[in-house]
Amino acid sequence: MNTQIRSRESAKTRTNTSEGADLHLRSISKRFAEFIAVDQLDLTVPSGTFFALLGPSGCGKSTTLRMIAGLEAPSVGSISIGGQDVTQLPSHQRPVNTVFQSYALFPHMSVLENVAFGLKRKKDREAMPKAKAALELVELGHLATRKPAQLSGGQQQRVALARALVNRPQVLLLDEPLGALDMKLRRQMQLELKNIQTEVGLTFIHVTHDQEEAMTMADVVAVMNEGRIEQMGPPRELYDLPRTAFVANFLGKSNLMRGEVTGGEAGMLRVDVAGNQVLLPAERAVSAQGQIMVGVRPEKMHIAATPDAVEPGANLLSGTIKDASFTGTTTEYLVQVEGIGLLGTFSQNRGQQPGNVGERVYLSWDPVHTFGLEGSENAAAGVEES
């Protein structure tokens with residue numbers, strides 16, 4: 001293990017001669033006939049950031065990546081990297097490299113030859129030493145002489161990453177790079193990618209539809225929907241305080257309830273939700289008057305058989321269990337609350353459960369975990385179809 005750490009640190013010293021660069025997109029749009037894929041997008045990614053574009057298929061995230069790479073030309077707007085306007089530059093003249101879901105390795109070449117290929121075409125005299133250093137960085141130096149067919153999917157992806165890094169781009173673009181891997185290997189590679197990005201200090205732009213992947217690796221996540229950014233920020237901030245129903249539903253699960261603000265004091269709003277009083281911190285609400293949508297994450301809720309178990313000052317609702325799904329460490333409950341609908345919550349499997357299907361239970365949560373959205377929001381926005 002110590003040998004691996006030393007070799008990766010050594011590789012970093014040899015390969016990290018150029019740092020990442022700021023990326024600026026200014027009023028970028030992309031139109032295909034009558035379809036607008038990206039709509040007036042403004043975005044700044046600071047140097048050295050691991051940045052994720054997250055969204056469902058067709059939201060414009062891959063088109064945005066392709067415009068940064070120079071594989072698509074924007075209909076309007078400009079792109080600059082490290083202060084240089086690259087909007088009109090062809091892809092091969094931009095300081096970027098792309099790692100795709102398909103590894104696109106040359107089957108007849110060794111791993112080392114694959115990594116060195118681009119440098120050799122440029123007649124770089126240091127092509128082989130640089131390729132060896134890049135392989136050490138991704139911990140594959142011991143497999144340099146093998147052919148791609150002799151590697152696992154995760155190893156092939158690391159070779160593709162080394163091939164991109166060896167060119168020392170200022171920005172590395174990752175287009176669903178882990179999509180072809182199984183779940184266990186994908187999680188392992190998530191940690192590997194984050195560690196490598198931290199070591200080399202480059203700007204990483206990662207496109208994915210996988211919420212867990214984005215939250216695990218990225219410093220900043222931009223949630224895209226219909227060609228626009230719905231919300232952008234650190235993963236925890238987006239999860240804890242979504243500002244639209246789309247973000248609340250797409251980034252995890254949310255219980256959303258319509259209500260009306262009836263008053264407020266001491267920084268808290270009182271909201272009437274189907275005859276129940278729900279407290280909400282005013283600073284966590286997009287709107288502080290009239291009709292609003294109240295939200296709370298399922299894991300913030302507690303479920304109990306009696307109201308006696310509810311903490312003083314907690315928001316409280318009651319309903320009937322409609323479904324209980326055992327998931328191993330927890331059981332997920334769907335509770336029908338009159339006037340509101342189905343709400344979801346989890347209970348740790350540590351002994352006696354709060355109730356069975358058809359029985360009445362009580363849902364409670366600390367008001368500080370409540371968030372408020374505009375009342376006109378579509379409660380189903382961002383819910384992925386099964």
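**Entry 1: two helices side by side**

I started with helix α5 (residues 153–165) and helix α6 (residues 183–200), whose axes come within 11 Å and cross at roughly 20 degrees. Since angles under 35 degrees count as roughly parallel, I noted α5 as roughly parallel to α6. I am reading a predicted model here, so I keep that in mind throughout. For handedness, I wrote down that α5 passes α6 in a right-handed crossing.

Next I listed who makes the contact. From α5 I found Gly 153, Gly 154, Gln 157, Arg 158, Leu 161 and Leu 165. Facing them from α6 are Leu 185, Gln 188, Met 189, Glu 192, Leu 193, Ile 196 and Val 200. Sorted by class, this contact of α5 with α6 has seven nonpolar, four polar and two charged residues.

**Entry 2: an open sheet**

I then traced a sheet of five strands. In what order do the strands run? I read β13-β12-β11-β14-β20, an open sheet with antiparallel pairing. A reminder to myself: strands of a sheet pair through backbone hydrogen bonds, either parallel or antiparallel.

Which strands stand at the edges? They are β13 (276–281) and β20 (371–374), and each has a single partner strand, so one side of each is left without a neighbour in the sheet.

Strand β11 (residues 255–265) and strand β14 (residues 291–296) are joined in the antiparallel sense over six bridges. As an example, I followed Met 257 across to β14 and found Val 294 as its bridge partner.

**Entry 3: helix α2**

Is helix α2 (residues 61–69) largely enclosed or left open? I found seven of its nine residues buried, so α2 is largely enclosed by the rest of the structure. The buried ones in α2 are Lys 61, Thr 63, Thr 64, Leu 65, Met 67, Ile 68 and Ala 69. I also checked what comes just after α2, and there Gly 70 takes a positive phi of about 90 degrees.

**Entry 4: Ser 364**

My last stop was Ser 364, which lies in strand β19 (residues 360–365). Buried or exposed? Its relative accessible area is 6%, and since buried means under 20%, I put Ser 364 down as buried. What does Ser 364 touch? Leaving aside residues up to four places away in sequence, I noted Lys 300, Met 301, His 302, Val 310, Ala 314, Asn 315 and Leu 316.

Technical notes: Residues are numbered from 1 along each chain as its sequence is written. This is a predicted model: local features need pLDDT of at least 70, side-chain atom pairs count only at pLDDT 80 or more; totals for chains, interfaces and linings use all residues. Side-chain values use heavy atoms; hydrogens and water are left out. Two strands pair if DSSP finds at least two bridges between them. Helices (H or I, at least four residues) and strands (E, at least two) are DSSP runs, numbered from the N terminus. Axes are lines fitted to C-alpha atoms, for helices over the stretch in contact, and angles run from 0 to 180 degrees between N-to-C directions. Angles under 35 degrees count as roughly parallel, over 145 as roughly antiparallel, 65 to 115 as roughly perpendicular and the rest as oblique. A crossing is left-handed if the near helix is turned anticlockwise from the far one by less than a right angle, and right-handed if clockwise. Contact means heavy atoms within 4.5 Å. Ala, Val, Leu, Ile, Met, Phe, Trp, Tyr, Cys and Pro count as nonpolar, Asp, Glu, Lys and Arg as charged, and the others, Gly among them, as polar. Buried means under 20% relative accessible area, exposed over 50%, partly exposed in between (1.4 Å probe, protein chains only).
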